[in-house]
Amino acid sequence: MIRNLTCGEFVEFLWRYIEGDAEGDEAREFERHLAACPTCVSYVNGYRQTMKLGKMAFENLEAPVPEEVPEGVVRGILAAIRKG
Ligand SMILES: [Zn+2]
């Protein structure tokens with residue numbers, strides 16, 4: 001089955017993909033969308049950057065999110081945390 005992944009589905013899927021839970025067709029569809037969508041590429045890069053900064057910040061869990069993290073990424077993460 002071939003269909004196009006929307007950006008909304010992509011973002012939802014991103015969490016599982018980065019955690020390593022995505023497999024097979026799902027992961028391929030994700031990668032196909034990523035190959036064709038610069039918006040999502042920059043979203044993923046921002047996300048990865050955030051994770052990296054987040055790990056650095058674990059030494060001080062009370063520290064605020066670094067200013068380099070784009071506000072949209074921070075909001076997306078907060079929204080996902082609250083939803084779960
Ligand atoms: Zn996209």
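Buried residues account for 5% of the 84 residues in the protein chain. A residue counts as buried if 20 or more other C-beta atoms lie within 10 Å of its own, as exposed if 12 or fewer do, and as partly exposed in between, with C-beta atoms placed from the backbone. The model is predicted: local features need pLDDT of at least 70, side-chain atom pairs count only at pLDDT 80 or more, and totals for chains, interfaces and linings use all residues. Residue numbers start from 1 along each chain as its sequence is written.

The protein chain holds four helices and zero strands. Its pattern along the sequence is α-α-α-α. Helices (H or I, at least four residues) and strands (E, at least two) are DSSP runs, numbered from the N terminus. Of contacts between residues at least 6 apart in sequence, 46% join residues at least 24 apart. A contact requires C-beta atoms, placed from the backbone, within 7 Å.

Helix 1 covers residues 7-19, 13 residues in total. From first C-alpha to last it reaches 19 Å, close to the 18 Å expected at 1.5 Å a residue. The expected span is 1.5 Å times one less than the number of residues. Helix 1 bends by about 35 degrees at Phe13. The bend is the angle between axes fitted to the seven residues ending there and the seven starting there. Just after helix 1, Gly20 adopts a positive phi of about 85 degrees.

Gly72 lies in helix 4 (residues 71-83). Gly72 is exposed because it has 10 other C-beta atoms within 10 Å. Gly72 and Gly46 are 26 residues apart in sequence and 9.3 Å apart in space, C-alpha to C-alpha.

Technical notes
Two residues are in contact if their C-beta atoms, placed from the backbone, lie within 7 Å.
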